Amino acid sequence: MRNRRRDKNRSLRQRVLILCEGAKTEPNYFNSLKHDAQKRRILTAVDVEVYQPKSHSPLGLVKEAILKKKKAILRGNPYETIWLVFDRDFHKYIEDVIDMANENDIQIIISNICFELWFLLHFEDLDINRHFLKCGNLIKHIQQNYVVRYHKNGKNYQNLKEETPIAIERAKRLEQVYINGVHSNLKFHEREPYTNVYVLVEYLLGL
């Protein structure tokens with residue numbers, strides 16, 4: 001039989017860093033999850049930080065994550081996991097970012113076209129042929145059909161909490177369509193529409 005007290009204490013000690021490129025939507029969402037009444041005690045060691053490189057490139061984000069990882073190790077207080085959260089946009093050097101992250105055991109969470117795609121999955125399934133020209137179009141779709149007062153500063157985890165399980169299932173189904181379908185040749189960062197935010201959400205909810 002597993003020792004529940006030992007497992008619980010281990011979770012409380014886990015130190016996690018979520019480094020976000022976006023200054024509003026992503027950190028607001030994960031901080032809202034972190035402070036949820038059911039997860040507040042377990043997620044006390046989860047740090048959600050915003051880092052916006054001067055180059056506005058994920059390359060700067062991954063370099064900052066590597067630096068923070070090294071500093072944490074030197075201080076004797078390493079992170080259990082480190083996650084990078086950013087939108088695909090038209091960033092250059094994505095392959096380099098992925099390689100550097102993999103080499104340093106850093107997880108990448110990417111959304112194409114933007115993070116709000118994860119929110120949309122709380123309301124509807126997404127077909128691989130459904131594209132939004134820009135993030136503003138996606139946000140407008142959410143406002144017109146589901147959340148009239150949606151805005152990036154909202155506590156969106158709390159507002160969407162009850163639909164999170166179905167959003168996770170929809171995101172997984174979308175990923176399987178890419179893996180098993182005619183677009184199986186695409187690398188994960190080349191898929192659109194696509195988001196793997198569910199991986200980080202499942203991880204946090206499972207702590």
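Let me start with a term: a residue is buried when its relative accessible area is under 20%, exposed when that area is over 50%, and partly exposed in between, using a 1.4 Å probe and protein chains only. By that rule Cys 114 is buried, at 1%.

A word on the source. This is a predicted model, where local features need pLDDT of at least 70 and side-chain atom pairs count only at pLDDT 80 or more, while totals for chains, interfaces and linings use all residues. Residues are numbered from 1 along each chain as its sequence is written, and side-chain values use heavy atoms, with hydrogens and water left out.

Now the cysteines. A disulfide here is a pair of cysteine sulfur atoms within 2.5 Å, and the count is 1. Cys 114 is joined to Cys 135, with 2.2 Å from S to S. The torsion about their S-S bond is about 80 degrees, so this disulfide is right-handed. Cys 114 sits in the loop between β4 (107–112) and α5, and Cys 135 in helix α6, so the bond links distant parts of the chain, 21 residues apart. Helices and strands are DSSP runs, numbered from the N terminus: H or I with at least four residues for helices, E with at least two for strands.

Next, charges. Side chains of opposite charge can pair when their charged atoms come close. I call it a salt bridge when a side-chain nitrogen of Lys or Arg is within 4 Å of a carboxyl oxygen of Asp or Glu. There are 11 of these.

One of them pairs Lys 152 with Glu 116, with 2.9 Å between the closest N and O atoms. Lys 152 is in the loop between α6 and α7, and Glu 116 is in helix α5, so the pair ties together parts 36 residues apart in sequence. Buried or partly exposed? Lys 152 is partly exposed at 33%, whereas Glu 116 is buried at 1%.

Another joins Asp 125 to Arg 173, at 2.7 Å. Asp 125 lies in the loop between α5 and α6 and Arg 173 in helix α8, so parts 48 residues apart are tied together.

Glu 175 and Arg 191 also meet in a salt bridge, at 3.2 Å, and both residues are buried.

Finally, Glu 49, Glu 64 and Lys 68 form a network of salt bridges.
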